[in-house]
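I opened a notebook for this structure and wrote down each thing as I looked it up. The entries follow.

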Amino acid sequence: MNLTGFISLSLGAILIENVIFSQFLGICPFMGVSKKMDSAVGMGIAVTFVLVLSSIVCWVVNRFLLVPLNIEYMQTVAFILVIASLVQFVELFLQKNIPSLYQSLGIYLPLITTNCAVLGIAIANIDRGYGLGSSIAYGLTSGIGFLLAIVLFASVREQMEVSSDFPKPFKGFPEAMLAGGLLALAFMGFSGLSVFG
Amino acid sequence: MKIKDLFLDGVIRKNPVLVQLLGMCSALAITTSLFNGLGMGLAVTIILICSNVVISLLRNFIPKKIRIAAFIVVIAAFVTIVDLLIQAFIPDLSESLGVFIPLIVVNCIILGRAEALASKNKVGVAALDGLFQGIGYTIAAVAMCIVRELLGSGTFGGGILNGGAGIRIFPEQFGATYMIMPFGGFIVMAFLIALTQWLVARNEKKTGKKADPVPDEYEEVLK
């Protein structure tokens, strides 16, 4: 893949079709782990890491296992198993090597398994017929898009903790959802932006 | 456990989307026409019932340590079956829901029910719980669809009624297109959850007793 292709792919994945704000993948961790900036950054990085690894592994599994055996309909089952074991691996790695990050992410880390973004991007790579290089690039840049979204959202929510004037029924989740909606509106500005023609 | 309790829990008191706040991705993403909402609700309900039944039957055979992985395999098998059935018999639905059908695998509602209820209860209870939680999800999804479709494109029942075009409530050019965009999903969901919280608070005030706290399914799953 040439540089132009990579730049247009990554701008597309980060801004134009951001995983959170335009594809609606990975809303659970986006809402659940965005109350504090530290854990939002940690979650974003963990998701990016898992996304890159799972893009590679799922592509390989699809190309060298599912396609030759002609069992592509087993895609969902195969991919979710691969992703579940990958997440287990990342968790053990963090627990052993970066305990501080492990503590701040706490219980949310295993939830990456049930993060739609990871499975969704793996399936999208196959659906769009990407090669290995493009798959890695798409996984990485989607992860960066997720990181950007969750960091922006965490900074908004930290402010809302201090001062928010919503009526009582809106306290908690709904007000966060409204803030998320406004961010999505901002990201809508990127839609229709075409990179290099 | 009474059937009535299970029903009220699934549909209102512990509604998976509006109270437990699970399964947000699909409830936000595909709820742009009544056809999508009903189709997704039906798919989720069928998968919930099947996976609840199988997991309840296997509850004494699955080792505790690897139960989450085992649940995911069971769920993924049923999702694959439903996905293939939809592709074969309702190709329109398959096209408009797209990747969100295989993504039912990672819908927290199904894993949450497997862990919190099906792995601890008899088959009958698990099946009924699957049905009622599925209905609860469908109600939330359909409510989202009706509001977003009406405000966004000015129709009701798109994809089903009136030969697929939907019944036109007001002319198309007055529709606020951003209601069927991601922005509208977030906003409508925020208002629906706020409405639910308001109703719960009002009910607490009227009856003078507190509603049961909803157990955090995230923590339940990860214990």
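**Entry 1: what kind of model.** I noted at the start that this is a predicted model. I kept that in mind for every entry below.

**Entry 2: the elements of chain A.** I looked up the secondary structure of chain A and found eight helices and zero strands. Read from the N terminus, the elements of chain A run α-α-α-α-α-α-α-α.

**Entry 3: the overall form of chain A.** I looked up the radius of gyration of chain A, which is 18 Å; a compact globule with 197 residues would have one near 16 Å, and the value for chain A agrees with that. Along the principal axes, the C-alpha atoms of chain A fill a box of roughly 60 × 45 × 30 Å. I also looked up burial: of the 197 residues in chain A, 44% are buried. Then I turned to contacts in chain A between residues at least 6 apart in sequence, and 80% of these join residues at least 24 apart.

**Entry 4: a pair of helices in chain A.** I picked helix H6 of chain A, residues 116-127, and helix H7 of chain A, residues 132-162. Their axes come within 10 Å and cross at roughly 150 degrees. Angles over 145 degrees count as roughly antiparallel, so H6(A) is roughly antiparallel to H7(A). I noted the hand of the crossing of H6(A) and H7(A) as well: it is right-handed.

Which residues make this contact? On H6(A), I listed A:Ala117, A:Ile121 and A:Asn125. On H7(A), I listed A:Ser135, A:Tyr138, A:Gly139, A:Ser142 and A:Phe146. I sorted the residues of the contact of H6(A) with H7(A) by type and got four nonpolar, four polar and no charged.

**Entry 5: a residue in a loop.** Past H7, I looked at A:Gly172, which is found in the loop between H7 and H8 of chain A. I counted A:Gly172 as partly exposed because it has 14 C-beta neighbours inside 10 Å. I also looked up A:Gly172 against A:Ile16: the two are 156 residues apart in sequence, and their C-alpha atoms are 29 Å apart in space.

**Entry 6: where chain A touches chain B.** I looked up the contacts between the chains and found 35 residues of chain A in contact with 37 residues of chain B. On the side of chain A that touches chain B, the elements that give two or more residues are helix H2 (27-32), helix H4 (75-97), H6 and helix H8 (173-188) of chain A. Which element gives the largest share of that side? I found that H8(A) does, with nine residues. By type, the residues of the side of chain A that touches chain B divide into 27 nonpolar, eight polar and no charged.

**Entry 7: chain B.** I looked up the secondary structure of chain B, which comes to nine helices and two strands. From the N terminus on, I read the elements of chain B as α-α-α-α-α-α-α-β-β-α-α. The radius of gyration of chain B is 18 Å, close to the 17 Å that the globule rule gives for 223 residues, so chain B is as compact as a globular protein of that length. The C-alpha atoms of chain B fill a box of roughly 60 × 50 × 25 Å along the principal axes. Among contacts in chain B between residues at least 6 apart in sequence, 76% join residues at least 24 apart.

Technical notes: Residues numbered from 1 in each chain as written. Chains lettered and ligands numbered in written order. Predicted model: local features only at pLDDT ≥ 70, side-chain atom pairs only at ≥ 80, totals over all residues. Axes fitted to C-alpha atoms, helices over the stretch in contact; angles between N-to-C directions. Helix = DSSP H or I, 4+ residues; strand = E, 2+ residues; numbered from the N terminus. Parallel < 35°, antiparallel > 145°, perpendicular 65-115°, else oblique. Left-handed = near helix turned anticlockwise from the far one by under 90°. Contact = placed C-beta atoms within 7 Å. Nonpolar A, V, L, I, M, F, W, Y, C, P; charged D, E, K, R; others polar. Rg over C-alpha atoms; globule rule 2.2 N^0.38 Å. Buried ≥ 20, exposed ≤ 12 C-beta atoms within 10 Å, placed from the backbone.
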